[in-house]
Amino acid sequence: MIKSILFLKVALNRTTLVTGIKTALIVGIFLNIINQGDLILSMKLADIHWLKLALTFCVPFFVSVYSATIARLRFDPGTRAWVEAQLSCGKCNKVSLHVLKNHLVGECSKCRDETLWHKNH
């Protein structure tokens with residue numbers, strides 16, 4: 001439940017949504033040209049599949065928002081933490097790290113470049 005709330009909080013962030021909209025517009029236009037370009041360019045509006053046209057914009061939007069949300073919820077060394085969290089190293093299970101929101105995530109003191117942080121609940 002807590003993971004779902006955090007996921008939604010990040011997914012519904014203004015930056016995430018704006019990026020999703022921009023991606024949907026760019027990718028959606030190209031996909032619609034590929035799929036129905038002949039009908040659109042010849043202005044055969046009655047023959048255009050409007051539901052398909054709309055869904056072609058929805059798919060890249062949701063993929064973009066999902067990808068951005070997952071990326072922001074990861075705690076990779078050298079990235080900024082999206083939320084304050086207590087992390088434990090999934091590689092050695094011995095090292096713990098407290099990271100503050102917007103601060104850089106460090107490496108595990110034991111695992112270094114093989115660090116695999118997991119958020120504690």
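**Figure 1. Overview of the predicted model.** This is a predicted model, in which local features need pLDDT of at least 70 and side-chain atom pairs count only at pLDDT 80 or more, while totals for chains, interfaces and linings use all residues. Residues are numbered from 1 along each chain as its sequence is written, and side-chain values use heavy atoms, with hydrogens and water left out. The protein holds three helices and three strands, where helices (H or I, at least four residues) and strands (E, at least two) are DSSP runs numbered from the N terminus. Read from the N terminus on, the elements follow the order α-α-α-β-β-β. The radius of gyration is 20 Å, well over the 14 Å that the globule rule gives for 121 residues, so the protein is more spread out than a compact globule. For that comparison, the radius is taken over C-alpha atoms, and the rule is 2.2 Å times the number of residues to the power 0.38. Along the principal axes, the C-alpha atoms fill a box of roughly 65 × 25 × 20 Å.

Figure 2. Of the 121 residues in the protein, 27% are buried; here buried means under 20% relative accessible area, exposed over 50%, and partly exposed in between (1.4 Å probe, protein chains only). The accessible surface comes to about 8,500 Å², with 65% of it belonging to carbon and sulfur atoms. These areas come from the Shrake-Rupley method with a 1.4 Å probe, and for residues only the protein chains shown count as cover. As for charge, there are 15 positive and 7 negative side chains, and the centres of the two sets lie 7 Å apart. Lys and Arg count as positive and Asp and Glu as negative, with His and the chain ends not counted; the place of a charge is NZ of Lys, CZ of Arg, CG of Asp or CD of Glu.

Figure 3. T16 is in helix α2 (residues 14-41) and is buried, with a relative accessible area of 1%. Leaving aside neighbours within four places in sequence, T16 is in contact (heavy atoms within 4.5 Å) with V10, A11, V65, A68, T69 and R72. N32 belongs to helix α2 too, and at a relative accessible area of 3% N32 is buried. Not counting residues up to four places away in sequence, N32 touches G37, I40, K52, L53, T56 and F57. L25, in helix α2, is partly exposed at 46%.

**Figure 4. Two residues with positive phi.** Most residues other than glycine have a negative phi. Phi of M43 is near 60°, and M43 is found in the loop between α2 and α3 (50-73). M43 is exposed, with a relative accessible area of 58%. N93 likewise has a phi near 60°, a positive value in a residue other than glycine. N93 is exposed, at 62% relative accessible area.

Figure 5. Beyond neighbours within four places in sequence, V99 is in contact with F75, A81, V83, E84, A85, L87, L104 and V105. V99 and Q86 are 13 residues apart in sequence and 6.4 Å apart in space, C-alpha to C-alpha. S96 lies in strand β2 and counts as partly exposed, at 44% relative accessibility. Not counting residues up to four places away in sequence, S96 touches Q86, L87, S88 and N120. The C-alpha atoms of S96 and C108, twelve residues apart along the chain, are separated by 7.9 Å.

**Figure 6. The cysteines.** Taking a disulfide as a pair of cysteine sulfur atoms within 2.5 Å, the count comes to zero. C108 is buried at 0% relative accessibility, whereas C58 is partly exposed at 32%.
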